[in-house]
Amino acid sequence: AVVSTQSTGRRDRIRDHISGIKAKLDKAKIESEKGLATENAAEIASLIAKNKDAPIIIEVLKTKGTSKGISEGLKTMRKKAPETAAVIFAVNDDDVFFHCLVPKKLSSGMSLRADEWLATFSGLLSAKCGGKDLYAQGSG
């Protein structure tokens, strides 16, 4: 058995201090990702404008990525290009994020399902993915 030489009060203070530092780091990460999410959504809006009549868009974002940024961008795509299927990838320092949007018309008419589409390549990225017929996402 390991015997601690630290008093319970001291261990509690150390634990509280470390928890406070972690909370500050988490908050800083969230703040930094807000800007990235806005950039991702703007880049996807630009893709929509350039490929307005394209049936499928598969793109890797030039900006660092966040899952939230891709999600926000695809919400815009759903409104402005409702007949376009898309897989959007974004990479940051540690991870790759990817989201897939499939219009209902393609999902039922051509049997194209977002979750199955992502599953075809997620293993190559050592990533996990999940979702439903019309929308799926993954990261790794």
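**Around helix α2**

Tutor: Helices (H or I, at least four residues) and strands (E, at least two) are DSSP runs, numbered from the N terminus. This is a predicted model: local features need pLDDT of at least 70, side-chain atom pairs count only at pLDDT 80 or more, and totals for chains, interfaces and linings use all residues. Residues are numbered from 1 along each chain as its sequence is written, and side-chain values use heavy atoms, with hydrogens and water left out.

Student: Which residues in α2 are buried?

Tutor: Gly 69, Ile 70, Gly 73, Leu 74 and Met 77. Buried means under 20% relative accessible area, exposed over 50%, partly exposed in between (1.4 Å probe, protein chains only).

Student: How do they sit around the axis of α2?

Tutor: They fall within an arc of 125°, taken from the directions from the helix axis to the C-beta atoms, so they line one face of the helix.

Student: And what's exposed on the other side of α2?

Tutor: Lys 68 and Lys 79.

Student: How far apart are the C-alpha atoms of Glu 33 and Lys 104?

Tutor: They're separated by 31 Å, and the two residues are 71 apart along the chain.
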